[in-house]
Amino acid sequence: MGSHFASEPHWDEDSQETGDAGSRVAPEENNDLSGRGEWAPGQRDSGGAPRKKKRVWPLVVLLVVLLCIAAAGAAFLVYYNAKQNEAISSMDSVEAPATPEESAASSQGSDLAQNPIDFASLAAENSDIFAWLYIPGCNINTPLFQSPTDDLYYLWRNKDKQEDLYGSPFIQLCNSRDLQDSVTVVYGHRNEGAFEPLLQFQDQSFFDANKEFYVYVPGHIYTYTLVSSYIYDTRHIMNSFDFSNPEVLASYFEFVQNPDSISSCVNPDASLDADSKLLQLSTCSTTHGESDGRFIVSAVRTADQETY
């Protein structure tokens, strides 16, 4: 209510009346203390109980808080969508590198094919770039990174070393940059990150139609052929297996060729042996950071084209 509320009812000595017996009689109760027919503090309702003032301020405060939360959520969604579009545009804007056949055709009689990736320029921009991954069947065309000091550095950073929601595909220090390990694991984000298109390899028909992809390193173009794709648990592969042990390596290769998974695709023509170079592309199997497992696309190196 406003400042026109009357004060609490009280006895006024000057206005009291005297009854027949000389006793004092209370003045008539005035139910319109403000002169406007409004309720005043202390006034009783028809049942005799005091009326309580409605408390609206807590509701107003709660409403303001909810509106602030909604506004912050909307701002985050705008930022998130902008970053999604930026990541997609960045991937689309990169020209697809020449395949080994195309590089050989453009060598103009040289014994070596020309490497379509300018690693000298990339190194000048960021020396952590060591390779380039190109999967023609889906929109994956990206540099690969390795931090010399921090295994998780590129989990949330882009090629300019700035914090980024989608990070960049990377390997850890347990793997070599020349990709000569028996098993190399490349990590990348989905949810519109660089490895979002990997999820297409859960479909057997897509898997069968896109069995080859390429990795470019200084001096070489490597061709990889798909072995399998499957959902795996959350174990860190390189820390969980001693691949220097031939028996451990053989057992792991057997699993990769015949994965025991609720969702898998297999290339029956692919094979692995002690000399194989296996590349595994690993991303989340679920959305928004849930930890139910990893989705892994495994491929074996089947060709090595030297380049200049």
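## Close-up views of the predicted model

**View 1. Y252, a residue of the predicted model, is buried, with a relative accessibility of 3%.** Applying the ring-pair criterion to the structure gives 12 aromatic pairs. In one of these, the rings of Y222 and Y224 have centres 6.5 Å apart and planes at 85 degrees, and the pair is therefore classed as edge-to-face, since planes over 60 degrees apart are assigned to that class. Y222 is buried at 3% relative accessibility, and Y224 is likewise buried, its relative accessible area being 1%. The pair of F241 and Y252 has its ring centres 5.0 Å apart and its planes at 50 degrees, so it counts as tilted. F241 belongs to the loop between α5 (237-240) and α6 (246-257), whereas Y252 belongs to helix α6, so that the contact ties together parts 11 residues apart in sequence. While Y252 is buried at 3%, F241 is partly exposed, with a relative accessible area of 21%.

**View 2. Arginine side chains lie over the faces of Y153 and Y222.** R157 is placed over the face of Y153, at 4.2 Å from the ring centre. Y153 also takes part in a cluster in which ring pairs link it with F145 and Y154. At Y222, the residue over the ring face is R301, which lies 3.7 Å from the ring centre; Y222 itself is buried, its relative accessibility being 3%.

**View 3. Strand β3, residues 129-135, is mostly covered and pairs with β4 and with β6.** Of the seven residues in β3, seven are buried. Strand β4 (residues 140-145) runs antiparallel to β3 and is joined to it by six bridges, and the two strands form a hairpin with four residues between them. Within this pairing, I129 has F145 of β4 as its bridge partner, and F145 is also a member of the ring cluster with Y153 and Y154. Strand β6 (residues 212-217) pairs with β3 in the antiparallel sense as well, over three bridges, and here W132 stands opposite Y216 in β6. As background to reading this view, side chains in a regular strand alternate between the two faces of the sheet.

**View 4. D128 and K161 form a salt bridge, with their closest N and O atoms 3.8 Å apart.** This pair links distant parts of the chain, for D128 is in the loop between α3 (119-125) and β3, and K161 is in the loop between β4 and β5, 33 residues apart. D128 is buried at 6% relative accessibility, whereas K161 is partly exposed at 39%. L179 is buried, with a relative accessible area of 2%.

**View 5. Further salt bridges join E196 to R190 and D233 to R235.** The search of the whole structure finds four salt bridges, and these pairs can be read against the general point that side chains of opposite charge can pair when their charged atoms come close. The side chains of E196 and R190 meet at 3.8 Å, N to O; E196 is partly exposed at 24% relative accessibility, while R190 is buried at 12%. In the pair of D233 and R235, the closest N and O atoms are 3.0 Å apart. D233 is partly exposed, with a relative accessible area of 31%, and R235 is partly exposed at 42% relative accessibility.

**View 6. A nonpolar patch on the surface is formed by V61, L62, V65, L66 and I69.** Together these residues present about 450 Å² of accessible area. V61 has its place in helix α1 (residues 57-93), and with a relative accessible area of 48% it is partly exposed, given that the class of exposed residues begins over 50%.

Terms used: Residues numbered from 1 in each chain as written. Predicted model: local features only at pLDDT ≥ 70, side-chain atom pairs only at ≥ 80, totals over all residues. Heavy atoms only, no water. Phe/Tyr/Trp six-rings, centres within 6.5 Å; stacked < 30°, edge-to-face > 60°. Buried < 20%, exposed > 50% of the residue type's maximum accessible area, 1.4 Å probe, protein only. Lys NZ or Arg CZ within 6 Å of the ring centre and 35° of its normal. Pairing = 2+ DSSP bridges. Patch = residues over 30% accessible without salt bridge, like charges linked within 9 Å, V, L, I, M, F, W, Y side chains within 5 Å. Areas by Shrake-Rupley, 256 points an atom, 1.4 Å probe, with all protein chains shown as cover.
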